[in-house]
Amino acid sequence: NIYLVSGIALGWFITLLIYNFLFFRGPIAKFNAFLLIQASLYIDIDSAAIYFYTDSKESYPEGPHFPREFVTMGLGCLALVASFFCTLLYNRYMRTWKVWTMLIMTASLWFCLCMMDCIFFTRLNTKIGIPDWLFVTSSGAFKSVINTWSFLPLMLLYAQLCTPGLEATMLSVQHAFHNIGNVFSDVWGACLLHHMGIRPVDKEGDTKHFDNLWV
């Protein structure tokens, strides 16, 4: 039962926050909580989006019909290249920016990219003449850039907060809170997709499952 699993995840989410403030103190406790909440509130819908990208013409006639190799390897390699260059750009021009400024900027840019996803999922881009491959590659590259820009300053800030001699342990804790937040986002994303009737399986009739994907 996906609703039961989501409820259990919420219980563990609250438990982890309590655990965090019991065993950590000061800025580190607040930072761990921020990482957990930020990662958890990103509701992951990639499990449905992959079907939207790759469904056959028989399953979803209106879709982009990308080859699976393009979605997995092509977009993945593009994301790696984009992350590499944005790391160089950050190190050259943005490393003196305040963390708060970076967070506001990346959150605003992420919002704009999500609006682009709405355009793509409603197939509006084809109506205004923008090819699917151009739309998805540009959006994917920028998402990778924003992810890197949002994570780099947080990682550097956490490194500065580390107790001398415990750097490896503290960075492990940081990644643990961030990664388990991603697990919560997967569970809650699956619950939201199920609740809204978005359950594609790459079979004829998938069109109705994508009606609410843009939401």
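Helix axes here are lines fitted to C-alpha atoms over the stretch in contact, and angles run from 0 to 180 degrees between N-to-C directions. Two packed helices are described by the angle between their axes and the distance between the axes.

The model is predicted: local features need pLDDT of at least 70, side-chain atom pairs count only at pLDDT 80 or more, and totals for chains, interfaces and linings use all residues. Residues are numbered from 1 along each chain as its sequence is written, and side-chain values use heavy atoms, with hydrogens and water left out.

The protein chain has 8 helices and 0 strands. Helices (H or I, at least four residues) and strands (E, at least two) are DSSP runs, numbered from the N terminus. Along the sequence the pattern reads α-α-α-α-α-α-α-α. The C-alpha atoms fill a box of roughly 60 × 45 × 25 Å along the principal axes.

Start with α2 and α8. Their axes lie 7 Å apart, at an angle of about 25°. That makes α2 roughly parallel to α8 (angles under 35 degrees count as roughly parallel, over 145 as roughly antiparallel). Contact means heavy atoms within 4.5 Å. Residues of α2 in this contact include I28, F31 and L35, and they meet a set in α8 that includes M170, F177 and W188. By class, the contact has 11 nonpolar, 7 polar and no charged residues. Ala, Val, Leu, Ile, Met, Phe, Trp, Tyr, Cys and Pro count as nonpolar, Asp, Glu, Lys and Arg as charged, and the others, Gly among them, as polar.

Now turn to α1 (residues 2-23). The axes of α1 and α8 come within 9 Å and cross at roughly 155°. So α1 is roughly antiparallel to α8. Their crossing is left-handed. Among the contact residues are W12 and F13 of α1 and F184 and W188 of α8. This contact has 15 nonpolar, 4 polar and no charged residues.

Last, the largest pocket. Its volume is about 1700 Å³. Of its 50 lining residues, Y42, W110, C114, K143 and N147 are the closest to the centre. The elements giving two or more residues to the lining are α2 (26-40), α3 (46-54), α4 (68-94), α5 (99-121), α7 (132-161) and α8 (167-195). α5 gives the most, with 12 residues. The lining divides into 35 nonpolar, 11 polar and 4 charged residues. A pocket is an open set of points on a 1 Å grid over the protein atoms alone, where a 1.4 Å probe fits, with protein on both sides within 12 Å along at least five of seven lines; lining residues have an atom within 4 Å of a point. Volume is the space filled by probe spheres set on the points, which are joined across faces, edges and corners.

Terms used: Angles under 35 degrees count as roughly parallel, over 145 as roughly antiparallel, 65 to 115 as roughly perpendicular and the rest as oblique. A crossing is left-handed if the near helix is turned anticlockwise from the far one by less than a right angle, and right-handed if clockwise.
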